Amino acid sequence: MQEERVEERPFGIKDKVGYLLGDLGNDFSFQMAASYLMVFYTKVLGLAAGMVGTLFLAARLVDAFTDVGMGNLCDNAKQQRGGRFRPWVKRMAIPVAVSSVLMYNYFVADWSYGAKMAYVIITYILWGSICYTGINIPYGSMASVITGDAGERTSLSTYRTMGAMFAGVFVGIVTPMIVYVKDAEGNSVPDGMRFLLVAVVFAVFAIICYYCCYKMCQERIELPKVEKTDKNTLFTDLKDLIKDRAFIAVMLGALLSLVANLSISSLNQYLFLDYFGNTGYIAAVSVISLIAMLLIAPFGGKITRKYGKKEAGAISLLLTAVIYILIYFFHIKNPVVYLIWLFFGYLAVGYYTVVTWAYLSDVIDNYQVQTGRRKDGTVYAVYSFSRKLGQALAGGIGGWALALIGYNETAKVQTEAVRESIYAISMWIPAVSFLVGGLLLLFMYPLTRAKVEENQRIIKENSKH
């Protein structure tokens, strides 16, 4: 049972903007890594794309322990004055920012190959598996204790999504304008020193956002005091989650969605650099993604109330898959035409993106109804691990695909066959990911609108006893 804490102020725009800033801070490093770390490792440090892809995936094995461990730590922590989750945002703000900068240390480019790989492995795990985990798990878990109202939680999901979108646009516009320079032959090439400069600036912005999130958000739901007998339920919780259809469907859906979206971001760098031969359009991708999101966001709540998150989300993903399949078969040569089609793709997936975090709140409620245990941190931690796995798979699949098609990291100009293959993998990876994700949501996810409303009623009735 959850107990309401005496509120210093009612839930409102301050909480929503604060929560938006939290993910804005997160995504200064996350989006930078998702879109440009592969390029930095291959083009600046000279590492093989296949090796980098394998690193991205192997690092997730570490996350399997650190993510779940952090979630369990939050669930078993004593209630503090600032809450159970919120203090971690303040504690980890500087460590995650500093560790993100260390990944873009271009001075190691002249080291031996083995030394470079060792440095990359250590700094990547330090950032992603330790520091980012230490702030992202508490931040994500905090949504369920900021408010207990389902509608307000959906608004938090929308604002969090907008925070990620603003970061994506900012990173997407600023980064290519700075990190790419022209060589003597007029080709666009990445500059290591500029990568480091951008990473430092983003780290400073992230720290400011984290501290604003800490100040503006308030935990209103005080979770029950953790008894000693409740602290040994981690393996029971994990076993129950593995059997939970709702959680498995949402987890796999998040994984596939991340594979699709991050492979788009990552492979677009190669698509515009090598296929279209013009990196000047990369910034436009972020702009049109934001415009599409701003157009669909106001209708997210209305669509949910009319059709339900399960039904509308499945249609959103399936329609996006169809659009990417069409882009492939139209074999577009003009980057402007490609951007127009990309806009419709972002518009189609917009609804699912806006409500994606609200799915998890429904799953947490459903888990409580089924088991009688409230495990916000643990559930979010396993969910977060699936998202990190999606990030790794996006980098891994992208890296392996580039290696498979014969991409030459040292060549300034790729062969015609490689350029055509870049176009193909840039369309088919997201198309298949969106397609499978939509089918999972449609046929596996059990939380229809009626079931979500029933769970909320049960929890509300139980809280009165």
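The largest cavity has a volume of about 750 Å³. Its lining is made by 39 residues, and those nearest its centre are Gln-31, Ala-164, Met-165, Asn-261 and Leu-262. The elements that each contribute two or more residues to this lining are α1, α4, α6 (150-179), α9, α10 (282-296), α13 (335-371) and α14 (376-404). Sorted by class, the lining of the largest cavity holds 18 nonpolar, 16 polar and five charged residues. Here Ala, Val, Leu, Ile, Met, Phe, Trp, Tyr, Cys and Pro count as nonpolar, Asp, Glu, Lys and Arg as charged, and the others, Gly among them, as polar.

A word on where these numbers come from. This is a predicted model, in which local features need pLDDT of at least 70 and side-chain atom pairs count only at pLDDT 80 or more, while totals for chains, interfaces and linings use all residues. Residues are numbered from 1 along each chain as its sequence is written, and side-chain values use heavy atoms, with hydrogens and water left out.

The spaces themselves follow a simple idea: rolling a probe the size of a water molecule over the atoms shows where empty space is left. On a 1 Å grid over the protein atoms alone, a cavity is a set of points where a 1.4 Å probe fits but cannot get out, whereas a pocket is an open set with protein on both sides within 12 Å along at least five of seven lines; lining residues have an atom within 4 Å of a point. Grid points are joined across faces, edges and corners, and a volume is the space filled by probe spheres set on the points. By this rule there are five cavities of 30 Å³ or more.

The second largest cavity holds about 140 Å³ of space. Tyr-19, Gly-140, Ala-143, Trp-357 and Ser-361 lie nearest its centre, out of 15 lining residues. At least two residues of this lining come from each of α4, α5 (143-146), α6 and α13, and α13 gives the most, with five residues. By class, the second largest cavity is lined by eight nonpolar, five polar and two charged residues.

Turning to the open spaces, the second largest pocket has a volume of about 370 Å³. Among its 23 lining residues, Asn-187, Ser-188, Val-189, Leu-273 and Lys-412 lie nearest its centre. α1 (13-44), β3 (188-190) and α9 (245-275) are the elements that give two or more residues to the lining of this pocket. Its lining has six nonpolar, eleven polar and six charged residues.

The three spaces can be set side by side:

| Space | Volume | Lining residues |
|---|---|---|
| Largest cavity | about 750 Å³ | 39 residues |
| Second largest cavity | about 140 Å³ | 15 residues |
| Second largest pocket | about 370 Å³ | 23 residues |

Now for the chain as a whole. It has 16 helices and four strands; helices (H or I, at least four residues) and strands (E, at least two) are DSSP runs, numbered from the N terminus. The C-alpha trace spans about 75 × 45 × 40 Å along its principal axes. A compact globule of 465 residues would have a radius of gyration near 23 Å, and the 22 Å of this chain agrees with that. That radius is taken over C-alpha atoms, and the globule rule is 2.2 Å times the number of residues to the power 0.38. Of the 465 residues, 60% count as buried, where buried means under 20% relative accessible area, exposed over 50%, and partly exposed in between (1.4 Å probe, protein chains only).

Finally, some single residues. Met-251 is in helix α9 and counts as buried because its relative accessibility is 16%. The C-alpha atoms of Met-251 and Gly-437 are separated by 10.0 Å, although the two are 186 residues apart along the chain. Asn-278, in the loop between α9 and α10, is partly exposed at 35% relative accessible area. From C-alpha to C-alpha, Asn-278 is 8.9 Å from Asn-187. His-331 sits in the loop between α12 (309-330) and α13, and its phi is near 50°, a positive value in a residue other than glycine.
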